[in-house]
Structure formats: C-alpha cells, structure tokens
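Colleague: I am new to this model and would like a close look at one part of it. Please set out the overall layout before turning to that part.

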Amino acid sequence: MSDTWTVTVDRERCMGSGICLVYAAGTFGHDEEAKAIVIDSAADPIDVIRVAAEGCPTAAIQLVPNDGM
C-alpha cells in the first residue's frame, strides 16, 4: 500500500472523532491533541483505509496516489 499511495491527515480539519481508528486502527492513531495521525500507512489494506477516509466527518484524511503509479 505505501508504495502506491500516501495517506495524509489535515490537522486543521481533524476534529478527533476517532472514526479513522474504528475502521483502520493499524494505520491511524491519535496524538496528544486527540488529532489523527498516520502511524503505519501499510498496516491496513487500501480499501479499509479508503473507508476510514470516506467516514471522516471533516474529510481530513486524503489518499494521494504516488507519481508513476
């Protein structure tokens, strides 16, 4: 997964709902401000990460294709 996609979190948009952790707990965590962070972009299958991104209430999670893929 990490070779073809980059997972990003817009910290300004993130409200810390935790939806991403429900769907992709291996990929996302919360920092000391209770905002989402990417802890391991290869921990969950891309379809699971995509569901987490789609479920984010503020659309803070983005899947960005890496160039050349």
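In what order do the elements of the protein chain run from the N terminus on? After that, where is Ala-34 found?

Modeller: This is a predicted model, in which local features need pLDDT of at least 70, side-chain atom pairs count only at pLDDT 80 or more, and totals for chains, interfaces and linings use all residues. Residues are numbered from 1 along each chain as its sequence is written, and side-chain values use heavy atoms, with hydrogens and water left out.

From the N terminus on, the elements run β-α-β-β-α-β. That gives the protein chain two helices and four strands, where helices (H or I, at least four residues) and strands (E, at least two) are DSSP runs numbered from the N terminus. Of the 69 residues, 29% count as buried; buried means under 20% relative accessible area, exposed over 50%, and partly exposed in between, with a 1.4 Å probe and protein chains only.

Ala-34 is found in the loop between strand E2 (28–30) and strand E3 (36–38). Phi of Ala-34 is near 65 degrees, a positive value in a residue other than glycine. Ala-34 has a relative accessible area of 38%, so it is partly exposed.

Ala-59 can be set beside it. Its place is in the loop between helix H2 (46–55) and strand E4 (61–65). Phi of Ala-59 is also positive, near 55 degrees. Ala-59 counts as partly exposed because its relative accessibility is 34%.
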